[in-house]
Amino acid sequence: DTHRDNVLFMRALQSTFAQMLLTNQTFVDPGDILKHLIGRDGKPVKVGHQEDVGEFNQVFLQRMQEGLNLMHRGGADDAARAATASTTSAPAKCDADANDGA
(Lines give C-alpha, C1' and ligand atoms only; values in the text may rest on other atoms or scores of the structure.)
Protein backbone atom coordinates (compact mmCIF):
# COMPACT_ATOMS: atom_id res chain seq x y z
CA ASP A 1 0.00 0.00 0.00
CA THR A 2 1.49 3.34 -1.09
CA HIS A 3 0.15 5.29 1.89
CA ARG A 4 1.57 2.78 4.34
CA ASP A 5 4.94 2.80 2.57
CA ASN A 6 5.08 6.61 2.65
CA VAL A 7 4.21 6.70 6.36
CA LEU A 8 6.88 4.12 7.19
CA PHE A 9 9.43 6.09 5.14
CA MET A 10 8.54 9.36 6.87
CA ARG A 11 8.65 7.75 10.31
CA ALA A 12 12.11 6.34 9.57
CA LEU A 13 13.25 9.75 8.33
CA GLN A 14 11.87 11.49 11.43
CA SER A 15 13.44 8.92 13.73
CA THR A 16 16.84 9.28 12.07
CA PHE A 17 16.79 13.07 12.35
CA ALA A 18 15.59 12.86 15.96
CA GLN A 19 18.49 10.55 16.77
CA MET A 20 20.93 13.01 15.17
CA LEU A 21 19.49 15.95 17.07
CA LEU A 22 18.63 14.46 20.44
CA THR A 23 21.34 11.95 21.21
CA ASN A 24 25.07 12.00 21.69
CA GLN A 25 25.62 9.13 19.28
CA THR A 26 28.66 9.50 17.05
CA PHE A 27 26.76 8.08 14.06
CA VAL A 28 23.21 7.16 13.07
CA ASP A 29 22.35 4.20 10.88
CA PRO A 30 20.10 5.31 7.97
CA GLY A 31 19.16 1.69 7.20
CA ASP A 32 15.49 2.11 8.15
CA ILE A 33 15.13 5.01 5.73
CA LEU A 34 16.58 2.97 2.89
CA LYS A 35 14.54 -0.09 3.87
CA HIS A 36 11.33 1.92 3.45
CA LEU A 37 12.38 3.91 0.37
CA ILE A 38 10.28 2.55 -2.47
CA GLY A 39 11.53 3.09 -6.02
CA ARG A 40 9.50 3.95 -9.08
CA ASP A 41 9.05 0.27 -9.81
CA GLY A 42 7.21 -0.19 -6.49
CA LYS A 43 10.06 -2.21 -4.97
CA PRO A 44 12.45 -1.14 -2.20
CA VAL A 45 15.56 0.64 -3.46
CA LYS A 46 18.48 -1.79 -3.35
CA VAL A 47 21.32 -0.75 -1.08
CA GLY A 48 24.65 -1.01 -2.87
CA HIS A 49 23.01 -1.07 -6.30
CA GLN A 50 24.72 1.39 -8.61
CA GLU A 51 22.25 4.06 -9.56
CA ASP A 52 22.36 7.54 -11.01
CA VAL A 53 22.54 10.03 -8.13
CA GLY A 54 20.04 12.30 -9.88
CA GLU A 55 17.53 9.44 -10.19
CA PHE A 56 18.02 8.46 -6.53
CA ASN A 57 17.56 12.08 -5.48
CA GLN A 58 14.32 12.38 -7.47
CA VAL A 59 12.89 9.21 -5.93
CA PHE A 60 13.94 10.27 -2.42
CA LEU A 61 12.43 13.75 -2.76
CA GLN A 62 9.27 12.40 -4.41
CA ARG A 63 8.69 9.98 -1.52
CA MET A 64 9.30 12.79 0.96
CA GLN A 65 6.80 15.04 -0.84
CA GLU A 66 4.18 12.28 -0.94
CA GLY A 67 4.70 11.58 2.76
CA LEU A 68 4.44 15.26 3.69
CA ASN A 69 1.31 15.67 1.56
CA LEU A 70 -0.25 12.66 3.21
CA MET A 71 0.55 14.00 6.68
CA HIS A 72 -0.73 17.47 5.76
CA ARG A 73 -4.03 16.08 4.49
CA GLY A 74 -4.50 14.23 7.75
CA GLY A 75 -4.54 10.91 5.96
CA ALA A 76 -1.50 9.78 7.88
CA ASP A 77 -3.54 8.65 10.89
CA ASP A 78 -5.14 5.67 9.18
CA ALA A 79 -1.95 4.78 7.36
CA ALA A 80 0.06 5.15 10.57
CA ARG A 81 -2.24 2.74 12.37
CA ALA A 82 -1.87 0.27 9.52
CA ALA A 83 1.90 0.75 9.48
CA THR A 84 2.15 0.28 13.23
CA ALA A 85 0.09 -2.88 13.07
CA SER A 86 2.27 -4.32 10.31
CA THR A 87 5.68 -3.56 11.79
CA THR A 88 7.33 -5.29 14.68
CA SER A 89 10.28 -2.98 15.22
CA ALA A 90 10.25 -0.84 18.33
CA PRO A 91 10.53 2.93 17.92
CA ALA A 92 13.97 4.37 18.41
CA LYS A 93 14.65 5.92 21.80
CA CYS A 94 15.57 9.56 21.37
CA ASP A 95 16.33 10.54 24.96
CA ALA A 96 19.16 13.06 25.01
CA ASP A 97 20.44 11.61 28.29
CA ALA A 98 20.40 8.01 27.07
CA ASN A 99 23.83 8.10 25.47
CA ASP A 100 25.79 10.64 27.49
CA GLY A 101 27.13 8.11 29.97
CA ALA A 102 25.88 10.07 33.01
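## Basis of the model

This is a predicted model, in which local features need pLDDT of at least 70 and side-chain atom pairs count only at pLDDT 80 or more, while totals for chains, interfaces and linings use all residues. Residues are numbered from 1 along each chain as its sequence is written, and side-chain values use heavy atoms, with hydrogens and water left out.

## Overall architecture

The protein has four helices and zero strands, giving the pattern α-α-α-α along the sequence. Helices (H or I, at least four residues) and strands (E, at least two) are DSSP runs numbered from the N terminus.

Of the 102 residues in the protein, 25% are buried. Buried means under 20% relative accessible area, exposed over 50%, and partly exposed in between (1.4 Å probe, protein chains only). Among contacts (heavy atoms within 4.5 Å) with a separation of 6 or more, 62% join residues 24 or more positions apart.

## Aromatic pairs

Rings of Phe, Tyr and Trp (its six-membered ring) pair if their centres lie within 6.5 Å; planes under 30 degrees apart count as stacked, over 60 as edge-to-face and the rest as tilted. The count comes to two aromatic pairs. One of them, Phe9 with Phe60, is edge-to-face, at 5.4 Å centre to centre and 85° between the planes. This pair links distant parts of the chain: Phe9 belongs to helix α1 (residues 2–22) and Phe60 to helix α3 (residues 53–73), 51 residues apart.

Phe9 is buried, with a relative accessible area of 1%. Ring pairs link Phe9, Phe56 and Phe60 into a cluster.

## Asn69 in helix α3

Helix α3 also holds Asn69, which is partly exposed at a relative accessible area of 35%. The C-alpha atoms of Asn69 and Asn6 are separated by 9.9 Å, although these residues are 63 residues apart along the chain.

## The second largest pocket

The second largest pocket has a volume of about 200 Å³. On a 1 Å grid over the protein atoms alone, a pocket is an open set of points with protein on both sides within 12 Å along at least five of seven lines; lining residues have an atom within 4 Å of a point. Grid points are joined across faces, edges and corners, and a volume is the space filled by probe spheres set on the points.

The residues that line this pocket include Arg40, Asp41, Lys43, His49 and Val59. By class, the lining has three nonpolar, two polar and six charged residues. Ala, Val, Leu, Ile, Met, Phe, Trp, Tyr, Cys and Pro count as nonpolar, Asp, Glu, Lys and Arg as charged, and the others, Gly among them, as polar.

Technical notes:
1 Å grid on protein atoms, 1.4 Å probe; cavity = no way out; pocket = protein on both sides within 12 Å on 5 of 7 lines; lining within 4 Å.
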